[in-house]
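Subject: Structure handover

Hi,

Here is the structure for you to look at. My notes follow below it.

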Amino acid sequence: MRELKTIDVAERRRLRGLLFDLDDTLLEHGKLTKEAFETLCWLRDAGVSLIGVTGRPVAWARVLTPMWPVDALVAENGALSVIREGGRPVVDDRLDGPTRAARRSRLLEIIDRLRARCPGLERSDDCDGRVSDYTFDIGEFRSAGKDLVAQALAAAAALGARTTVSSVHLHVTLDHDDKSTGTLRLLAKRFGVDPGRARFEFAYVGDSSNDAPCFGAFRTSVGVSNLRGRFSLPPRFVTEGARSTGFVETAHCLFGDRY
Ligand SMILES: [Mg+2]
């Protein structure tokens, strides 16, 4: 990984948008700092497309998309996204209502069996706002041991579910999207940007294992310095600052000359 400040001028001039993770990237221990919010505001004023890409529930994205200076939020690790149409938040789900409801029922049956096998798991506080996945708190308000997490990942896989891990949650789902496929689909469907162009025109910044698909998908990939996890492909660049300080640094390194 290279220091972000060494990025070539030609690479950053090609960029038209910034894709960013929320927890432990934009947010500082769950909070939106004044500096991070001001950074979103000037990026927006400079004409930079802004899309948050999070594992948080779609219910959160419905609230935050109209409130924040962003074009859209991708939620639940890529399964759903929320855009603004005429000022209203509109949810984009790949599945129709009945198919989604049937899949949710199947997922909740699997979760019952998973909890029976791993009784130490605790449901995350934001679970009610979810449509496509179910989450356990492994680092937000509780700390789950590595052995319990490993046991849960194996048990979920044996029950036929997919799993993703972030700095705060263990996600269990029957959906197939990840942060990169969900984001690329949104960019193509709602913003008319094909995946080949998106790879070079949008930078991605994140901190955790669930960001790995985007580190692979987007050419200008950045990890904030608190980066943790296992990556098939690590980000190409790393910031000096951690969490929201690293996010602000990313914005200045990539788009500072458009301020
Ligand atoms: Mg994160």
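**Pockets**

By class, the second largest pocket is lined by eight nonpolar, four polar and four charged residues. The classes run as follows: Ala, Val, Leu, Ile, Met, Phe, Trp, Tyr, Cys and Pro are nonpolar, Asp, Glu, Lys and Arg are charged, and the others, Gly among them, are polar.

Before going on, the ground rules. This is a predicted model, with pLDDT of at least 70 needed for local features and 80 or more for side-chain atom pairs, while totals for chains, interfaces and linings use all residues. Residues are numbered from 1 along each chain as its sequence is written, and side-chain values use heavy atoms, with hydrogens and water left out.

Pockets and cavities come from a 1 Å grid over the protein atoms alone. A pocket is an open set of points with protein on both sides within 12 Å along at least five of seven lines. A cavity is a set of points where a 1.4 Å probe fits but cannot get out. Lining residues have an atom within 4 Å of a point. Points are joined across faces, edges and corners, and a volume is the space filled by probe spheres set on the points.

Back to the second largest pocket. It holds about 260 Å³ of space. Its lining has 16 residues, with Asp-23, His-29, Gly-30, Arg-56 and Glu-140 nearest the centre. Helix α2 gives the most to this lining, three residues. Both α2 and α4 (58-67) supply at least two residues each. Helices here are DSSP runs of H or I with at least four residues, strands are runs of E with at least two, and both are numbered from the N terminus.

Where does the second largest pocket lie? Domain 1 (2-94 + 177-258) and domain 2 (97-173) both give residues to its lining, so it lies between them. The domain bounds come from an automatic or database domain assignment.

The largest pocket has about 530 Å³ of space. It is lined by 17 residues, and Ile-138, Lys-146, Val-149, Val-165 and Ser-166 are the closest to its centre. Helix α6 (residues 146-158) is the top contributor, with four residues. The lining splits into six nonpolar, seven polar and four charged residues. Domain 1 and domain 2 each provide at least three residues of it.

**Cavities**

How many cavities of 30 Å³ or more are there? The count is three.

The largest cavity has a volume of about 90 Å³. Its lining has 15 residues, and Asp-23, Gly-55, Ser-166, Val-168 and Asn-210 lie nearest its centre. One lining residue is nonpolar, eight are polar and six are charged. This cavity lies between the domains, because domain 1 and domain 2 both give residues to its lining.

The second largest cavity has a volume of about 60 Å³. Its lining includes Glu-76, Asp-133, Arg-162, His-171 and Asp-177. Strands β8 (162-165) and β9 (169-173) are the elements that give two or more residues to it. By class there are one nonpolar, four polar and five charged residues. Each of domain 1 and domain 2 supplies at least three residues.

**Magnesium site**

Which residues are the protein donors of the magnesium ion? They are Asp-21 (OD), Asp-23 (O) and Asp-207 (OD), at 2.1 to 2.3 Å from the ion. Donors are N, O and S atoms within 2.8 Å of the metal (3.2 Å for Na, K and Ca); water is not among the atoms, so sites may look incomplete.

In sequence the donor residues follow the spacing D-x1-D-x183-D. Asp-21 and Asp-207 link distant parts of the chain, 186 residues apart. Asp-21 is in the loop between β2 (17-20) and α2 (22-26). Asp-207 is in the loop between β10 (202-206) and α9 (212-217).

Both residues are buried (under 20% relative accessible area; exposed is over 50%, partly exposed in between; 1.4 Å probe, protein chains only). The relative accessible area is 4% for Asp-21 and 3% for Asp-207.

**Two further spots**

Arg-100 sits in helix α5 (residues 97-117). It counts as buried, at 7% relative accessibility. Its side chain joins that of Asp-93 through a polar contact of 2.8 Å. A polar contact is a pair of N or O atoms within 3.5 Å; within protein, one must be able to donate a hydrogen and the other to accept it, and residues adjacent in sequence count only if both atoms are side-chain atoms.

Gly-241 is in the loop between β12 (237-238) and α10 (243-255). At 11% relative accessibility, Gly-241 is buried too. Gly-241 and Asn-226 are 15 residues apart in sequence, with 8.1 Å between their C-alpha atoms.

Best wishes
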